[in-house]
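Good morning, everyone, and thank you for making the time.

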Amino acid sequence: MARIGVFVCHCGENIGRTVDVPSVARAAQGFPGVVVSKDNKYTCSEPGQAIIREAIREHMLTGVVIAACSPHMHERTFRRVCASAGLNPFLCEIANIREHCSWIHEDRGEATAKAIDLVRLAVEKVKRNIPLETISIPIERKALVIGGGIAGIQAALDIADGGREVILVEKEPSIGGHMSQLSETFPTLDCSQCILTPRMVEVAQHPRIRLMTYSEVESVDGYVGNFDVTIRKKARKVDATICTGCGACMTACVQRKVSNEFDEGLSKRTAIYTPFPQAVPNIPVIDQMKCLRILSQKKGKQDACGKCLDACAIGAIRFDQEDELVTEKVGAIVVATGYSLYSIGKEQDSPDISGYGEYGYGTIPDVIDGMQFERLASASGPTAGKILRPSDGKEPKRIVFLQCIGSRDRAKGIDYCSKICCMYVAKHTMLYRHKVHDGQATVFYMDVRANGKGYDEFTRRAIEEDGAVYMRGRVSRMYRDGDVIKVVGFDTLAGEPVTIDADMVVLATAIRPRPGIKDLAQKLSISYDKHGFLNEAHPKLRPVETNTAGVFLAGACQAPRDIPDTVATASSAAAKVLGLFSQESLEREPTVARVDISHCAGCFTCERVCPYGAIGHREIRDRQGRLIKTVADVNPGVCQGCGTCQATCPSKSVELMGFTDEQIFAEVNAILA
Amino acid sequence: MTIGYYPGCSLHGTGREYDESVRAVAGALGLTLREIDDWSCCGATSAHSVNPLLAVVLPARNLALAESAGMTDVLTPCAACYNRLARSEHAVATNPELAEKMPRLLGRPFSNSVHVRTVLDVLRESLPVIKEKTVQPLKGMKVACYYGCLLLRPAEIAGGDDPESPTFMEEIVKAIGAEPVTWNLRMDCCGGSMSIPHAESVVRLSRAILEDARSAGAEALVVACPMCHSNLDFRQQAYTNKGETTLPVLYLTELLGLALGLNAESLGLKRHFVSPAPMLERMAVAAKEAV
């Protein structure tokens, strides 16, 4: 026989103002099975909790209904109260008479009647509740970090320094990411390489970090604490275990005309290469699209070229090396894939985005983008840090910088602000003035957004000390007139069109997600916004978590970010991973689906509709080991308790624990009765 | 294929050769042009300067006539007419209240079913036919394609392939073997309707355009707008009288007609102030030498 206790809360005035709480408690007293019903000013307070505990013991309650605020607020509190009094916590139900009743109604009589109904259905449900035990899942205390830019480096180091194993996967031959390409960083003007390369070396030497460069994540299965990841190690064609990084192969390579990605096309590299001299690991790869030997082998000619083979004294060149698939078990994943830059020309990777043909990028050689300027300004760049324009190698005396190229331009399909450009353009004008003392920088801007520590002071310095001229307005087009680039724009503060002569133009292009990010998001079952940036679970309160438990975000894969923000999110993602790994095992609510194997006919409709891939197959055998039938089997670690399988099962063989058909029908009947 | 035809006033006046060449080229490409019966003024430029409603209704009268004649598409070679008609089409399509009022305002049924199109648009669609029917490719002829303003703006209505950096005229020119030059002022203002009130401005603006085209190596300027043509061709007299060199300004359809083997007479090539004859002779000599 059920013995139910009902506890109706006034929630101060929140409920009591609209609902006649004492009469709800009185009405509940008369419901079948209710042995005690009380009201209280604050049920969640310690005295309120004590009343519940006493009642459970005194009346030997078999179920408890709390009529109060939303279960989001205090369900856990009241479940704990029940447990502390020896009652299974899943024998506690919440009737939400605040958000669902008092807050949204005005008529006291009607609100009270509705509250009574809500309590009635909760009583009918709790009578049919069964004791459930929380599910415990083991954790593989090893993390996967995807992406070896500053975000991935920071996250990997923080996790490893916290005592856990990390696998860091980077698709390029070296870690370092975009930050390794930068000259100096705002707002302190410290050298990017100088602060980054020690971190890169630390990653390579850390005993708990396994670095997998030139590798990509192929597939991800499993769930929080227990992911199975397959990683493709692309063929370097160089034996990384014996290569010493001496560079003799690169010196010997005859293919020397490959556009250098690291220098953004401003220089050439060889077919066997390391992206830059400070690469980590310092082991070259062979670019299979450019290597003369591989290209001629594809045409059926054997043994062409092979200069690198001859040059390598230890025989580390391995043309027979193939891609390799490695599987790893990890407990958490940090996505740190970073960003790419908007392409200015006509060719775009998405039909929603169009380029700026009117700016002559690609036809006027001295119209470059911000990253190319970084390479020109960088000591490791093609001009060894001298600002020289690409067309004729002369020092430009007038540079025009254009902000918001792509960003905040709905006509081009990108409506967001790329966040970092205001700052790096200010930095560029300063670097330019520091290197070319008589050079004049002019900046076309929409707004100057300098909202970080020391940021506004920095842009002021660019204007006041380093003489950058800021002109508010947009540029409509640019064209070449002999040696000069005519920049035709509109000065919106003066209210007149302007044409400025420039020797070089630098475009601050928008930040976009990495190409291929959507594929990766699908592999990880995480969502992305309309631009392809990965979505956090909550923009304010869960900023580095995703909706898939155990998958975290760091850096610019989530939104345009500068280095300080990127490092901050990377460290917080690492903290989340370490928090996860510090648990004994993972506890989760037992409100998961369960299959009744006696009914299940093995049609696997549930498997097809499950959005989480939580349903597998289980073979039922008799004592002789003969197969009787194959039935559906729910993996409680993966099941999110959505109930889709329960609703679709044709033979009603799947039930969601805590929300069985019987419980739901009892609730419906209680309202209709 | 039959398509509605709205010549507008220019093509019956200063732009006669445009009308002649459009008709000739359409015939050669197998397009039948059906002129809208009893067409009236599109309203440019006065209507939209004084009365926004009139600016929609005046062009819409022509669209209504085309609609009741069973036309689905209307070709408007004049860029100003195109702009007025297309804006009217767009205004009615995006404003249900206005759409409801239209039959009463026009005094005739109107469901805004006619699509207004430019010569460039129609020709681009006919590119395969053009390539097939080109009998006299204009090999080696360097031309500067000039877009002006009205064919491309505002972007949500017109636009072509890219309102800020179009290439579709170049595509057509390339299809007939000519060589479009890379130049800078292909979308700059020619002076437009200032031709009468402020001729000096027009001279200044169109001269810059012609000079830029010439310095890029163009032997002719190609246009698809009678206003541009008149500003660029007619106004050259202002400075050619002083002995400066000239640059012939051709309609795209004239150039196309030459490639399709139509005779210069039928294309109205003799009607220009700056005669294209010397250039055409040079071309003919070059062609003979090639043979």
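Let me begin with a definition: a residue is called buried if 20 or more other C-beta atoms lie within 10 Å of its own. With that in hand, and keeping in mind that this is a predicted model, we can say that buried residues make up 45% of the 673 residues in chain A. The C-alpha trace of this chain spans about 95 × 75 × 40 Å along its principal axes, and chain A contains 18 helices and 34 strands.

Now to one sheet in that chain. Strands of a sheet pair through backbone hydrogen bonds, either parallel or antiparallel. Here three strands of chain A form an open sheet in the order β24-β25-β26, with antiparallel pairing. Strands β24 (475–481) and β26 (496–502) of chain A stand at the edges, and each has a single partner strand, so one side of each is left without a neighbour in the sheet. From one strand to the next, the twist averages 20 degrees. Strand β25 of chain A, residues 484–491, pairs with β26(A) over seven bridges, and D491(A) stands opposite E496(A) in β26(A).

Turning to chain B, we find it divided into domain 1 (2–119) and domain 2 (135–290), whose centres, taken over C-alpha atoms, are 25 Å apart. The contact takes 24 residues from domain 1 of chain B and 25 residues from domain 2 of chain B. On the side of domain 1 of chain B that touches domain 2 of chain B, α1(B) gives the most, with nine residues, and the residues of that side divide into twelve nonpolar, eight polar and four charged.

Notes
Residues numbered from 1 in each chain as written. Chains lettered and ligands numbered in written order. Predicted model: local features only at pLDDT ≥ 70, side-chain atom pairs only at ≥ 80, totals over all residues. Pairing = 2+ DSSP bridges. Helix = DSSP H or I, 4+ residues; strand = E, 2+ residues; numbered from the N terminus. Axes fitted to C-alpha atoms, helices over the stretch in contact; angles between N-to-C directions. Buried ≥ 20, exposed ≤ 12 C-beta atoms within 10 Å, placed from the backbone. Domains from an automatic or database assignment. Contact = placed C-beta atoms within 7 Å. Nonpolar A, V, L, I, M, F, W, Y, C, P; charged D, E, K, R; others polar.
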